[in-house]
Amino acid sequence: MSMETTAWMQLHSVMTAQQERRPFDRATLRRIAAFARPYRGGIIRFVLLGVVTALLAVATPVLAGHVVDAIVSGHDTGTVERLSLLIALVAVVEAALGVLGRRLSATLGEGLILDLRTAVFDHVQRMPVAFFTRTRTGALVSRLNNDVIGAQRAFAGTLSGVVSNLVTLLLTLAVMLTLSWQITLLALVLLPVFVVPARRMGGRMARMQREAAALNADMGTRMTERFSAPGATLIKLFGRPEEESAEFTARAARVRDIGVRTATAQSVFMTALTLVSSLALALVYGLGGWFALRGTLEPGAVVSLALLLTRLYAPLTALAGARVEVMSALVSFERVFEVLDLKPLIEEKPDAREVPEGPVAVEFEDVRFAYPAADQVSLASLEEVAVLDSRGGSEVLHGISFRAEPGQTVALVGSSGAGKSTIAQLLPRLYDVDEGTVRIGGADVRDLTAGSLRATLGMVTQDGHLFHDTVRANLLLARPAATDEELWDALGRARLGEVVRSLPDGLDTVVGERGYRLSGGERQRMTIARLLLARQRVVILDEATAHLDNTSEAAVQEALAEALEGRTAVVIAHRLSTIRAADQILVIEAGRIVERGTHDELLLADGRYAELHRTQFTEVTTP
Ligand SMILES: Nc1ncnc2c1ncn2[C@@H]1O[C@H](COP(=O)(O)OP(=O)(O)O)[C@@H](O)[C@H]1O
Ligand SMILES: [Mg+2]
């Protein structure tokens with residue numbers, strides 16, 4: 001790569017780096033040091049390598065000077081041969097060390113990526129559901145990718161950029177000064193003439209580049225929005241195509257203008273850099289030649305100075321941009337640490353125990369709960385708002401108490417928004433209560449291990465989620481050791497066997513986001529199949545059959561009845577058959593239990609339940 005291109009890239013990275021100007025605390029530096037600690041040996045070797053490389057880089061011009069002196073002093077062919085052999089040797093060693101250095105810095109950088117990435121992934125995985133309901137997935141993934149890579153790049157860049165450039169610069173300057181301090185100083189005076197306007201131009205370019213990036217992003221969203229079938233339909237029905245085109249053209253034209261100006265600026269920059277170093281070179285030859293003719297300087301020294309000069313400007317420009325680079329490295333590290341510092345609201349206690357053996361009871365005792373405020377669970381920068389909402393959500397559950405004996409089924413009914421799903425989510429600790437206690441088998445769920453809770457509780461929600469993976473992988477999530485036979489059995493009982501058999505690759509068909517699209521009802525039956533596979537002791541059904549039509553519901557009900565057999569269950573349902581079969585019915589309204597009893601008792605009481613019974617519940621028509 002030519003000196004000019006390297007210098008331009010350096011200026012460019014200065015331009016595009018975030019222009020952060022705030023001080024960094026020592027704590028961040030200490031934490032970076034902690035991450036770098038395992039790589040101590042590698043870093044020391046890298047710095048040493050940098051010093052050796054810089055020494056070799058200075059050696060060639062000095063040797064070349066000696067060659068010229070040997071020629072001028074005449075006759076001694078042996079010296080010239082030896083010197084040129086030495087120059088060749090230096091070149092070979094330099095090349096080898098170059099590869100070695102690159103390998104070493106890549107090993108350090110990639111190792112750091114690995115460490116940061118796994119740390120963030122582990123941490124994010126432990127965050128509560130509330131965190132994910134608040135966070136924009138895109139922002140989070142970008143934190144995992146871009147910032148981690150940014151941190152690595154800046155770390156390696158700072159190491160190789162600052163350390164080796166500084167050593168090269170100091171050595172080159174030192175050698176030049178010993179050869180001729182007058183010429184060196186004069187050559188350096190020329191530098192600011194070039195660097196100062198270049199940096200000023202850099203700022204303007206950065207603003208334009210950001211504008212271009214924003215315009216490009218905007219055009220991108222416009223195109224994806226308008227070129228989708230629904231968007232295109234909307235434009236055809238209501239749009240004003242001429243105005244749309246005009247607006248689009250204006251943006252595209254601005255991007256063109258910026259492109260032209262960037263190209264011009266780049267060429268001006270490169271030309272200026274070449275010009276300045278050529279002028280400095282003329283100065284070295286002119287002044288050096290004059291000194292040499294007067295006998296105060298060896299002719300070889302003039303050649304050495306000229307060669308050294310060409311190696312001076314690249315590290316100078318690089319170091320001029322180093323401050324911004326170090327800053328953006330620190331910003332990336334801070335953004336990664338910010339995620340690592342987020343305390344998971346729900347954590348397993350260090351002395352957590354297992355769920356007691358055997359059939360277990362489920363118990364709520366005076367439970368009060370409000371959804372956590374945004375600033376408790378998330379980061380402003382991940383939600384792309386300036387400040388997080390610190391208002392706690394208003395209380396959703398106001399003192400819920402009930403008990404399902406081992407093997408009993410409790411049905412929750414009530415209007416939508418009453419708090420039924422919220423009650424269900426407190427059992428597997430998707431959220432923790434604010435007051436009161438949730439118990440399983442007599443133990444507070446907060447004292448139990450996450451693993452044993454997962455093994456004890458099975459939950460089917462209204463919208464069963466499938467990973468973008470095969471049917472088999474999605475099912476094995478529930479029981480990794482299950483055989484194909486067991487999978488088919490569960491699918492059959494969830495009335496999904498026919499559907500999966502008709503898929504192009506059967507169990508190996510990829511379903512989910514971009515895979516084969518299962519319908520809402522089919523997805524729900526998949527989650528029911530998962531439940532049948534996992535065979536947990538406590539079952540929670542949150543409108544588990546809401547997306548099924550009456551015919552398939554009747555069939556699935558049988559499977560569910562089987563799954564509930566002998567198990568403790570909390571069932572949220574609006575189908576009369578399910579509710580009627582429950583040992584106890586709780587009517588929930590506005591976060592309170594307003595009625596409780598069996599179907600017959602509640603009908604007799606002729607209260608809210610009787611009203612729901614008349615208006616909301618649907619009867620399954622058995623085929
Ligand atoms: N993630 C959430 N964050 C804040 N409020 C929520 C959240 N989920 C539900 N709510 C609120 O909690 C209340 C109870 O909701 P939910 O338990 O889902 O009702 P149901 O299942 O009985 O229809 C509603 O007022 C709802 O707006
Ligand atoms: Mg609900």
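Is Thr422 buried or exposed? At 7% relative accessibility, Thr422 is buried. The legends below take this residue and others in turn, in a model that is predicted.

Figure 1. The chain counts 623 residues, and 44% of them are buried. Its accessible surface comes to about 31,900 Å². Carbon and sulfur atoms hold 59% of that area. Contacts with a separation of 6 or more are counted here too: 79% of them join residues 24 or more positions apart.

**Figure 2. Thr422 sits in helix α14.** This helix covers residues 420-426. Thr422 counts as buried because its relative accessibility is 7%, and the cut-off for buried is under 20%. Which residues does Thr422 touch, leaving out those up to four places away in sequence? They are Phe369, Tyr371, Val396 and Leu397.

**Figure 3. Arg575 is a buried residue in a loop.** The loop runs between β10 (568-572) and α21 (576-580). Arg575 has a relative accessibility of 6%, so it counts as buried. Thr545 is 30 residues away from Arg575 along the chain. The C-alpha atoms of Arg575 and Thr545 are separated by 8.8 Å.

**Figure 4. Four arginines form a patch of positive charge on the surface.** The members are Arg204, Arg207, Arg210 and Arg261. Which helix gives the most to this patch? It is helix α7, residues 181-226, with three residues. Arg207 lies in helix α7. With a relative accessible area of 53%, Arg207 is exposed. The cut-off for exposed is over 50%.

**Figure 5. Leu86, Leu89 and Val93 make a nonpolar surface patch.** The patch has an area of about 240 Å². Val93 is found in helix α4, which spans residues 77-125. Is Val93 buried or partly exposed? Val93 counts as partly exposed, because its relative accessibility is 35%.

**Figure 6. Ile235 belongs to helix α8.** The helix takes in residues 229-238. Ile235 has a relative accessible area of 24%, so it is partly exposed. Neighbours within four places in sequence are set aside for its contacts. Ile235 then touches Arg226 and Glu244.

**Figure 7. Arg495 has a positive phi.** The angle is near 60°, in a residue other than glycine. Where is Arg495 placed? Its place is the loop between α17 (484-493) and α18 (497-502). Arg495 is partly exposed, with 33% relative accessibility.

**Figure 8. Asp606 also has a positive phi.** Its phi is near 55°, and this residue too is not a glycine. Asp606 lies in the loop between α22 (599-605) and α23 (608-615). How accessible is Asp606, and is it buried or exposed? Its relative accessible area is 51%, so Asp606 counts as exposed.

Terms used: Residues are numbered from 1 along each chain as its sequence is written. Chains are lettered from A and ligands numbered from 1 in the order in which they are written. This is a predicted model: local features need pLDDT of at least 70, side-chain atom pairs count only at pLDDT 80 or more; totals for chains, interfaces and linings use all residues. Side-chain values use heavy atoms; hydrogens and water are left out. Patches are made of residues with over 30% relative accessible area and no salt bridge: like charges are joined within 9 Å, nonpolar side chains (Val, Leu, Ile, Met, Phe, Trp, Tyr) within 5 Å. Accessible areas come from the Shrake-Rupley method with a 1.4 Å probe; for residues, only the protein chains shown count as cover. A salt bridge is a side-chain nitrogen of Lys or Arg within 4 Å of a carboxyl oxygen of Asp or Glu. Lys and Arg count as positive and Asp and Glu as negative; His and the chain ends are not counted. The place of a charge is taken as NZ of Lys, CZ of Arg, CG of Asp or CD of Glu. Helices (H or I, at least four residues) and strands (E, at least two) are DSSP runs, numbered from the N terminus. Buried means under 20% relative accessible area, exposed over 50%, partly exposed in between (1.4 Å probe, protein chains only). Contact means heavy atoms within 4.5 Å.
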